[in-house]
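Here is a briefing for a first look at this structure. Start with the sequence and the model below, then read on by topic.

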Amino acid sequence: MSTATAAISCPECESDVTVADGIRQNEIVECAACMSELEVVTVEPLLLAVAPEVEEDWGE
Amino acid sequence: MIRAGVYGASGYIGGELLRLLLGHPDVEIVSAVSTTRARRRVDSVHPNLRGSTDLCFCAPEDIGDCDVIFTAVSPSVAMELVPQIAHRTRVLIDLSGGFRLRDRAEFTRYYGEHNCPELLGEFVTGRPETHRKELTEADRISVPGCMANAATLALHPLAAEGLIRPEVTIDGRVGSSGSGVTADIMNLHAERSGAMRVFKPQRHRHEAEVAQSTGLTVRMSATGVEAVRGVQTLIRVSAADGARLDDRELRRLYRDYYGGEPFVRIVAQKRGLYRLPEPKILIGSNYCDIGFSTDPEDGTAVLVAALDNLVKGGSGNAVQAMNIRFGLPETLGLGFPGLHPV
């Protein structure tokens, strides 16, 4: 089980999003408050963006 | 153990009180009072309690001394009853509309003449989210109405911060259990099934409670919908001059007010099947879910609040208030999270 290591604001609703250790670029995380799908744009520094609605490959 | 008595124990809210209190580790039910079912087994009326208790209903005159008495009766009965039984208990928690309004004239306007108006000022509103400190010492507690509680919880942060214009409109929807256990022709299955009955297009009683709690000018309509349990209120608000209503602002505000509340959740999601508060998934739980949708173009918002009318809209809120009053953990006996699917 992954350990939550970082908290960052959701770009959609500004709630805290916890991101698991070892997350990689282009992975998708979910904001628990607004349920937006967020894409990891960069890992260092950790940067999230609202994932586009329709894409072929989320890198998951 | 806290010795509890329940008046109106054969009704729907009374039955939910019994269910919650039977599961409460620090409460012993000493009397379940019913004028119509005295000496019959409790589970003959509330079959969901089979195997949970051998308790029988008792007549009003047979109630024993209690630490807390809950009155789950009509407003008119409560007005007669409360002065008669007050000496039998340290703490009295009334779930009727009989003691919710502080102002006698307002009470008369919405309910008719009060039998004991001198008692109106003695009751503390049983809404932990707005009256927690007072509840720790309150001996007379009045639990808010179901739709009023949902609407007030949604409006309270915006009203307290002066973010909205004072005129608000509430559209309340409620399941058939809100009509109580007494059946008449209106509640025949043939008449009720499939109906969306606007039973109070204007001046629903709960608007007076919301106005009292928020200081706003409230207009409220109410519709009975095709559900047994559940309340959903849709509230239209407009931004006050100089204020801004957008999704982030509202979420931040609700988080500030309710982030630490055990039974209020902010539900305004971008994805999923239940993006805004939906009473269907709150059945049996003590949660009130609050959500919103804003229109930044014209500065308006729709607030949505949902709860189970018999639990957070009645019995659960009463037990939460009791926990606070007796210094117990606030969530004790109230951990049921609801069902899905249901």
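In chain A, 20% of the contacts between residues at least 6 apart in sequence join residues at least 24 apart; contact means heavy atoms within 4.5 Å. This is a predicted model, in which local features need pLDDT of at least 70 and side-chain atom pairs count only at pLDDT 80 or more, while totals for chains, interfaces and linings use all residues. Residues are numbered from 1 along each chain as its sequence is written, chains are lettered from A and ligands numbered from 1 in the order in which they are written, and side-chain values use heavy atoms, with hydrogens and water left out.

**Chain A**

- Chain A has five strands and zero helices. Helices (H or I, at least four residues) and strands (E, at least two) are DSSP runs, numbered from the N terminus.
- Read from the N terminus, the order of elements is β-β-β-β-β.
- Of the 60 residues in chain A, 28% are buried. Buried means under 20% relative accessible area, exposed means over 50%, and partly exposed lies in between (1.4 Å probe, protein chains only).

**Where chain A meets chain B**

- Twelve residues of chain A are in contact with eight residues of chain B.
- About 950 Å² is buried between the two chains. Carbon and sulfur atoms give 36% of that area. Buried area is the accessible area (1.4 Å probe) that two parts lose on being put together, summed over both.
- Five salt bridges are counted between chain A and chain B. A salt bridge is a side-chain nitrogen of Lys or Arg within 4 Å of a carboxyl oxygen of Asp or Glu.
- Glu12(A) and Lys270(B) form a salt bridge through their side chains, at 3.4 Å from N to O.
- Ten residue pairs are in polar contact between chain A and chain B, both residues at pLDDT 80 or more. A polar contact is a pair of N or O atoms within 3.5 Å; within protein, one must be able to donate a hydrogen and the other to accept it, and residues adjacent in sequence count only if both atoms are side-chain atoms.
- The side of chain A that touches chain B has six nonpolar, two polar and four charged residues. Ala, Val, Leu, Ile, Met, Phe, Trp, Tyr, Cys and Pro count as nonpolar; Asp, Glu, Lys and Arg count as charged; the others, Gly among them, count as polar.

**Two domains in chain B**

- The domain assignment of chain B gives domain 1 (2-122) and domain 2 (146-307). Such bounds come from an automatic or database domain assignment.
- The C-alpha centres of domain 1 and domain 2 of chain B are 26 Å apart.
- In chain B, 14 residues of domain 1 are in contact with 13 residues of domain 2.
- These two domains of chain B bury about 1,100 Å² between them, with 50% from carbon and sulfur atoms.
- Tyr12(B), Arg100(B) and Tyr110(B) supply 49% of the area that domain 1 of chain B buries against domain 2 of chain B, more than any other three residues.
- Two salt bridges are counted between domain 1 and domain 2 of chain B.
- Arg100(B) forms a salt bridge with Glu209(B), with the closest N and O atoms 3.3 Å apart.
- Eight residue pairs are in polar contact across this interface of domain 1 and domain 2 of chain B, both residues at pLDDT 80 or more.
- Helix H1 (12-22) and helix H4 (104-111) of chain B each supply at least two residues of the domain 1 side that touches domain 2. H4(B) gives the most to that side, with four residues.
- By class, the domain 1 side that touches domain 2 in chain B has five nonpolar, two polar and seven charged residues.

**Backbone points to check**

- Most residues other than glycine have a negative phi, and most peptide bonds are trans.
- The peptide bond from Glu44(A) to Pro45(A) is cis, with omega near 0 degrees. Pro45(A) lies in the loop between strand E4 (37-42) and strand E5 (47-50) of chain A.
- His340(B) and Pro341(B) are joined by a cis peptide bond, with omega about 0 degrees. Pro341(B) lies in the segment after helix H10 (311-325) of chain B.
- Asn26(A) is not a glycine, yet has a positive phi of about 80 degrees. Asn26(A) is partly exposed, with a relative accessible area of 36%.
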